[in-house]
Amino acid sequence: RYDLHVPSGEIRLWGPELEDTAQAVRFRVPAGFYAGEAFSKGTDQVEDEQAIVGPDRYRLVLWPGARP
């Protein structure tokens, strides 16, 4: 579980294979505090951590959270 403060209302996601963070996936949420959980599968099958395509999958779940 994690807590996240998003004062700008914008969340950006990227991984180590992305060289330019300006190309990161962006999405907007209402500014504020969030709680969340991260889930993954297939990480034990990754052969090249820098590959753009692989067997690993991720899911991030956010919900409104209290100010820590």
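In which sense do E1 and strand E4 (residues 32-41) pair, and over how many bridges? E1 and E4 pair in the antiparallel sense over 5 bridges; strands are DSSP runs of at least two residues, numbered from the N terminus, and two strands pair if DSSP finds at least two bridges between them. The model is predicted: local features need pLDDT of at least 70, side-chain atom pairs count only at pLDDT 80 or more, and totals for chains, interfaces and linings use all residues. Residues are numbered from 1 along each chain as its sequence is written, and side-chain values use heavy atoms, with hydrogens and water left out.

Within this pairing, Tyr34 in E4 is the bridge partner of Leu4. The open sheet is formed by 3 strands in the order E1-E4-E5, with antiparallel pairing. Strand E1 (2-6) and E5 are the edge strands, each pairing on one side only.

The salt bridges (a side-chain nitrogen of Lys or Arg within 4 Å of a carboxyl oxygen of Asp or Glu) number 3. In one of them, the closest N and O atoms of Asp3 and Arg1 are 3.8 Å apart. Glu10 forms a salt bridge with Arg12 at 3.0 Å between the closest N and O atoms, and another with Arg26 at 4.0 Å, N to O. Arg26 lies in strand E3 (residues 25-28) and Glu10 in strand E2 (residues 10-13), so the pair ties together parts that are 16 residues apart in sequence. Through shared partners, salt bridges join Glu10, Arg12 and Arg26 into one network.

Conventions:
Helix = DSSP H or I, 4+ residues; strand = E, 2+ residues; numbered from the N terminus.
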